Amino acid sequence: MKFSTLIAIILTGVLSFLCLTVALADTGFTGGSYDGYSSNVSTDLSLDGPSVTISSATDQNFVVGQASATASIITITDSTGGAVNASNDLRIIIPSELSMEWDTTKTSIIIGGTASSKVSTLVSYEDSNKTLVLDVLYDFTADEYITVSGVYFNNFAVVSPYDQLGLDIYNTGACYVKDTRLIQIISDTDVLFAGGSYDGYAAIGSSDLL
């Protein structure tokens, strides 16, 4: 196969992606002159879409078989304005890799933030209780946000490695952006180790410690 043909095949594969995302964990991306992407980001950014973020307050660890447990407060921000809207609502997705579900007995939750009046406190669930649906009553404007609390997880079935909640803003069932925080499910024989003062081992969890 000619080298030029190989390059063409590779380029075709790359261009077939519908949405290119850039993960910049530690440094901001300021774009280039007049390129339309002059914004700082610290989480995954869809270069061809609006800037919406989801961030839980803390990382969380759960234990296999434990009772229903409260979710950390979740903040959803629409920096663009209009990306969060009444037509599509908001859906917070538990990925299939995390063996747990939303607690569907919680149908009334607490909504805070600058856009609190734009989202109903009554919620519903989809996809075999893996998706929490927030009913958006009015479109968000630029930089408006909500906080979501009073929601719970349950049915912690098996050990699951760290993963993140996802946010669907288009009602497609697909994750548009991932939470900045992590969740894992450990066995009841695992030991959580918080580390000691200034010892360099302030890990939130480990299954390798005796």
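Mentor: Let's start with terms: two strands count as paired if DSSP finds at least two bridges between them. Strands are DSSP runs of E with at least two residues, numbered from the N terminus. This is a predicted model, in which local features need pLDDT of at least 70 and side-chain atom pairs count only at pLDDT 80 or more, while totals for chains, interfaces and linings use all residues. Residues are numbered from 1 along each chain as its sequence is written, and side-chain values use heavy atoms, leaving out hydrogens and water.

Trainee: Thanks! In the antiparallel open sheet of three strands, in what order do the strands lie?

Mentor: Strand E5 (69-70) and strand E8 (101-102) stand at the edges, each with a single partner strand, so one side of each lacks a neighbour in the sheet. E8 pairs with strand E13 (residues 152-154) in the antiparallel sense over two bridges. The order is therefore E5-E13-E8.

Trainee: Which residue of E13 is the bridge partner of Trp102?

Mentor: E8 and E13 are joined by two bridges. The partner of Trp102 in E13 is Phe153.

Trainee: In the mixed open sheet, which strands stand at the edges?

Mentor: The sheet has three strands in the order E4-E17-E14. The edge strands each have a single partner, so one side of each has no neighbour in the sheet. They are E4 (60-63) and E14 (160-163).

Trainee: And which residue in E17 is the bridge partner of Ser160?

Mentor: E14 and strand E17 (residues 183-186) pair in the antiparallel sense over two bridges. In E17, Ser160 has as its partner Ile185.

Trainee: On to the rings: how many residues apart are Phe62 and Phe153?

Mentor: Rings of Phe, Tyr and Trp (its six-membered ring) pair if their centres lie within 6.5 Å, with planes under 30 degrees apart stacked, over 60 edge-to-face and the rest tilted. Phe62 and Phe153 are edge-to-face, at 5.6 Å centre to centre and 70° between the planes. Phe62 lies in strand E4 and Phe153 in strand E13, so the pair links distant parts of the chain; their separation in residues is 91.

Trainee: Is Tyr176 buried or exposed?

Mentor: Buried means under 20% relative accessible area, exposed over 50%, and partly exposed in between (1.4 Å probe, protein chains only). Tyr176 has a relative accessible area of 16%, so the class is buried.

Trainee: Which residues do ring pairs link into a cluster?

Mentor: The whole structure holds four aromatic pairs. The cluster they link is Phe62, Trp102, Phe153 and Phe156.

Conventions:
Helix = DSSP H or I, 4+ residues; strand = E, 2+ residues; numbered from the N terminus.
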